[in-house]
Every structure is written in structure tokens, then in C-alpha cells.
Amino acid sequence: MSCQATARRSFPRAVGLVRTQAVRASTITKLYRDLMAGGGKNGRPLSSRTVDYVHAILRKAFRDAVNVDELLSSSPVDKAKRPRREIREPGTVWTTDQLKAFLRYSRDHRLWPFFHLAAYTGARRGELLIKRYNETYPDHPLPHARLHDLRHIHATTLLLAGVPVHVVAARLGHADPSITLRVYAQVIRAAGASAAEVFAKSINDQKGWC
């Protein structure tokens, strides 16, 4: 919701008093660039996610201008170039042993069912409707982790186990497996290295190989 609020504040300030009929696709494209560069508070750059909310607001407004108010024949927003979405690889995440320890020691916590669901499904935070949680357990300190990291652990574990990328993408709700490939590129490279070792071992273990 904070992104939506920022988007709603940024849009009027950035566009100003421009006639609807005067807005072109290039106007919207420049607006997106300006927001990414310094459209936030005190001139700070906005994230691509926030700019996506601006895009959603503009798209709805201009489609109404076309279909409802009949002020325009077409929407300039549909032709504008949106900023490329930021896709970052996850940082260091827990190992499966650390995840098991977390689930074991948090079993009596009231949110344990949600932690378990997050770890076993890879669902997004919004889908789980809970806030991040982190705790160091007696005699078993764990690295700091967010709830969202359970999603990364889920994906990482599946990929390292050799589950096809398109299957992992479907579980994560990625619209395109290429998103999964970009986000988990490092994990996929590691899995590729393991696959090479498995192949080499299989060949070397065959009788009659010379």
C-alpha cells in the first residue's frame, strides 16, 4: 500500500496542469524516466514497482477518457515505454538444515502454520497475509531472515533438487519461466554444475568405459 500511496502522490506533482488531449506517449515515457530518476521524497528515485502503480493509475484514467468521456480516440499510455522491471537475485538464504531448525524451534509459536505454509508453498507475503518474523533461538542462532526469504528457500531447494524451471516458475506464480531464470540465475548455475558432475559420474561408473 505504501507504493500505491507514493504513486498517487507522485503522479499529480509530476504531470501538473497538462491538457488531456496534449498528452502523448512520449510525455508518459518521459514521466516514467523522471520518476525513476528522482520522483520520490526529497528528489529520491522511485522504484520500478512504484512507477508500475503510476502506470496503472494512468492506464485506468486514460482508458476512461477514451471509453467513457470520449475525450480521446486512443490512450497514449498504451503506447508509452514502461521502465524495465528491476529483477534482483536473492541474497544468502538459509540452508535446508537451517530451515528445518527454524520450523522445529518455532513449532509452538502462534504463527507456525503460516511459517510452514510459506516454506512449503513459496507463496508471496501478500498471499500469506502476515508480517515478517525473525528470532534467534536458544542454542541455535540463525542468520537474519525475512518471511519472504522462505519463498526463496522454497525455490532454491527445488531448483537444486533438479526440478525443472518451468515447474518452479508455476509454483512461484511467475508469469514467465524467464523471470525465474533471471531471479535464480546463480542457483541455476550451481544446479548446472551439479548436473555435469552427475553426468561425469554416470559415465565413469559404466563398465567398459575407456
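This report describes the aromatic pairs of a predicted model and the helix α5 that contributes to them.

## Basis of the values

The model is predicted, so local features need pLDDT of at least 70 and side-chain atom pairs count only at pLDDT 80 or more, while totals for chains, interfaces and linings use all residues. Residues are numbered from 1 along each chain as its sequence is written, and side-chain values use heavy atoms, with hydrogens and water left out.

## Aromatic cluster

Two aromatic pairs are present, where rings of Phe, Tyr and Trp (its six-membered ring) pair if their centres lie within 6.5 Å, with planes under 30 degrees apart counted as stacked, over 60 as edge-to-face and the rest as tilted. Trp94 and Phe102 have ring centres 5.0 Å apart and planes at 45°, so this pair is tilted. Phe102 and Phe115, with centres 5.2 Å apart and planes at 55°, are likewise tilted; this pair links distant parts of the chain, as Phe102 lies in helix α4 (residues 96-105) and Phe115 in helix α5 (residues 112-121), 13 residues apart. Helices are DSSP runs (H or I, at least four residues), numbered from the N terminus.

Trp94, Phe102 and Phe115 form one aromatic cluster.

## Helix α5

The buried residues of α5 are Trp112, Phe115, Ala118 and Ala119; seen down the helix axis, they fall within an arc of 125°, so they line one face of α5, the arc being that of the directions from the axis to the C-beta atoms. After α5 comes Gly122, with a positive phi near 70°.

Methods. Helix = DSSP H or I, 4+ residues; strand = E, 2+ residues; numbered from the N terminus. Buried < 20%, exposed > 50% of the residue type's maximum accessible area, 1.4 Å probe, protein only.
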